[in-house]
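This report describes selected strands, aromatic contacts and surface features of one protein model. The sequence and structure are shown first.

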Amino acid sequence: MLLGEQEQFLSYNGEVLVFQLLKPKLVEGPTDKTVNLCVRRMVFNRDTKMFVQKSSGAFSMHASHSKIEMVCCCCTTDSRTGLILPCILVKKKKQNNVKYLLLLLHSSNQFEQSFHFKLDYELKEDIRLFAGPSVLWRHTNKLFYISSNTCTVQSAPVQLSSVVWTGEIVNEGTVVLGIRTACLPESEDADEFSISDRAIWGTEFFGYAIQTRKALTGTCFLPHAYSRVVSSVYVCKNERWKKQLRISLAAITHKNQLIWFQNGLSKGVCELPYEKPCSVKTAVTSSNDLLFIVSFASGNICVVQRRGSLQVASKWQKVKSVLVDDFIGCGSEQLLLLFKDDSDTDVLSTFKITDLGEVDYTSGINYTRDVPATEGLQENSLLTVQALERRLQAGFTSVRELQQHLELRKRVILESCRALIDLVEERIHILPKAKEVKMEGLVSLWDDVENPPHSLSKETSLVSKVPEHFTEKLWQRVVGDNLIVGVKLTESFYMSLADVSLSLVMDQDFSSISPIIKCQSKVIKLNKAFSALTVSSCQLEPPPKKMKLDLHSKDDLKKEFPERPSVVQLDGTKTVIAVTSLSPLLAFHRVCCIVLLHAKKKEQWNDGLQDSKKITVLCGKILLSLEDISNGRYSVKMLKDNSYCTGSLEDILAILAVSVRYSFQIVSSDCTLTPVNSWLLEEMECTPFKECHDNIFCHKAGNVYGTVFNWSLKSPFEGVLTVFCR
């Protein structure tokens, strides 16, 4: 039984190739036992906005009692010449015997039979054509392939439940990416995360290079966790960088999603508008946009655009085929959508060419009739230009007003900073007179009063009454891109403090920038016995579920900063630290900063009432220069000396200030805990601080270097591990 007609569409160098299996018309006499495989080369005419036939060709096949079908077609590389040619796979079925022919189409419209092979079953699963030309398929979870070089069917030593992609990889040749049941050998080179991931999902991605017979790690394409949902993949880019394979790809899932992956990591996801997506391919438009074209089993098509995030840009229904090529000859790619239309016999009668931008051609539209009259066009253009001019003028006015507002705000901030510095250093600040600054829009709030208000004098006197021995030491360190400034408070300070913080103000007079340096303040308390290190104020730490270890609660803050002035903490030392970014300061090469400490002084009267007053203390100045930083003058030095870490107390505090603290409660109800300290000292290559034995510094190379650990064993069955990491 012969097929009456079949169609396959393929794009090649801007042309549309239409393949058809045609049964010759019956004539008197014996029935003709041949079937013609015909091809028509169609090109787009930009004048008529229609496809016209450029040339045609045919290939005759003997079909005695056979059923002939076209299986698939694509453009692949001919290994003999290196040229990319259209090829088509044809099936001839006769009873239980199935014969397959792979045909190449040359520019002269002549068909060439590359090779043929016979099977006792039909190809139904994951049929792919690739360079050679070669044919690959999957049967009973086994992978088979045949090429023009060998002309014999070969099997790959792998078992795959599905094939999601076949293509070329740098230095590997043709690679097949599929999904198989997870193989978990007792010893392998893969990392523990990959092993556990495969064990959880039971499946894994697996890459196999056809030419080199080499297995590739599937995680360089996709994480194994997606092996249950991904149905098809399109690799957009692959390259080698420092002997590592870097791959960018788009994957579609059974859950109607398109996911963008880079180097095995998910970088974006988009919900698809239809169900059962089948395949995905890409197009690069004239505006250099990357489009993902997703085909669905229902015949629908959608296009996903990648501009910051993945989002559906357009969609169409009842699409017979979608092709990607430069059909109009503009130098970039467009989409050709062929729609289903039962009324027309011409295969290219209903179509649409678009790049979701300037290019948009649709069949059945007379473009000459859509052009407006010349007079109407000129009138509309004039009105449009006038409206645009008015919008531009309004926009310029808004921008000018915004610039003036920003300049005024900058002058107010600069003047406030100068007043603050003069106040702390006990200098008389001369306020700007209204007559001098009224032209600039900046007016004194004191209205040119000669003598300062009583409140200002009171605040100045409050600052002067602060004891000189309030701060014991001022120091600075550089860790990575962070500048850490610390102020050590004296132990004998008898005022109760709360809301303690530091400010850094540049001592130079910069007219264009604000002298206030943005920083983050932290308070660190280190007991004399060095039995505990605590960090409070501004630490970003998730609260534990079973044990409250953070210092953000009111009770803990009361312990850190007692409200009763009679309680003096003589058993510990507090250090207030400011952390700021180093890079902006390096632009000045040499900068001097004033260090100010802000706090609230709480006093309790005889009647039980409390009074809280804000105080600001000048702690000193620090000098920062590019030469000192280059020479490592302020760098943290953590060296090993007789099984101890010789870092100074300031070095320890600097590391804690730039670290994030995590606390873990470890409980074992059945057996005693393993000696964690021994494991940290031996396996993690840690050494205890010479100044603080309970806290140990990790010297192990890699990402864990510089991590600080603290292990507190409450009982043989319970302990708390605190980790300070960056």
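The bridge partner of Lys94 in β7 is Asn97. This contact belongs to the antiparallel pairing of strand β6 (residues 84–94) with β7, which extends over eight bridges. Strands here are DSSP runs of E with at least two residues, numbered from the N terminus, and two strands pair if DSSP finds at least two bridges between them. The hairpin of β6 and β7 has two residues between the strands, and Gln95 takes a positive phi near 55 degrees there.

β7 is also joined to strand β8 (residues 111–119), again by eight bridges and in the antiparallel sense. Within this pairing, Val98 has Leu119 of β8 as its bridge partner. The hairpin of β7 and β8 has five residues between the strands, and Asn109 in its turn shows a positive phi of about 65 degrees. Strand β7 (residues 97–105) is largely enclosed by the rest of the structure, because seven of its nine residues are buried. Buried means under 20% relative accessible area, exposed means over 50%, and partly exposed lies in between (1.4 Å probe, protein chains only).

## Basis of the model

The model is predicted: local features need pLDDT of at least 70 and side-chain atom pairs count only at pLDDT 80 or more, whereas totals for chains, interfaces and linings use all residues. Residues are numbered from 1 along each chain as its sequence is written, and side-chain values use heavy atoms, with hydrogens and water left out.

## Aromatic contacts

A search of the whole structure gives 16 aromatic pairs. The ring centres of Trp137 and Phe144 lie 6.2 Å apart with their planes at 20 degrees, so this pair is stacked. Rings of Phe, Tyr and Trp (its six-membered ring) pair if their centres lie within 6.5 Å; planes under 30 degrees apart count as stacked, over 60 as edge-to-face and the rest as tilted.

Both Trp137 and Phe144 are buried. They belong to one aromatic cluster together with Tyr100, Phe115 and Phe117.

## Further antiparallel strands

An open sheet is formed by four strands in the order β17-β18-β19-β20, with antiparallel pairing. β17 (230–241) and β20 (265–271) stand at the edges with a single partner strand each, so one side of each has no neighbour in the sheet. From one strand to the next, the twist averages 15 degrees. Strand β18 (residues 244–253) is connected to strand β19 (residues 257–262) by five bridges, and Ser248 stands opposite Gln262 in β19.

Strands β29 (residues 471–479) and β30 (residues 482–489) run antiparallel and are joined by eight bridges. Thr471 has Leu489 in β30 as its bridge partner. Two residues lie between the strands in the hairpin of β29 and β30, where Gly480 takes a positive phi near 65 degrees.

Helix α8 (residues 649–657) is mostly covered, with eight of its nine residues buried. Among them are Glu650, Asp651, Ile652 and Leu653. Helices are DSSP runs of H or I with at least four residues.

Tyr662 lies in strand β40 (residues 660–667) and counts as partly exposed because its relative accessibility is 31%. Tyr662, Phe664 and Ile666 form a nonpolar surface patch with about 240 Å² of accessible area together. Patches are made of residues with over 30% relative accessible area and no salt bridge, with like charges joined within 9 Å and nonpolar side chains (Val, Leu, Ile, Met, Phe, Trp, Tyr) within 5 Å. A salt bridge is a side-chain nitrogen of Lys or Arg within 4 Å of a carboxyl oxygen of Asp or Glu.

Terms used: Accessible areas come from the Shrake-Rupley method with a 1.4 Å probe; for residues, only the protein chains shown count as cover. Axes are lines fitted to C-alpha atoms, for helices over the stretch in contact, and angles run from 0 to 180 degrees between N-to-C directions.
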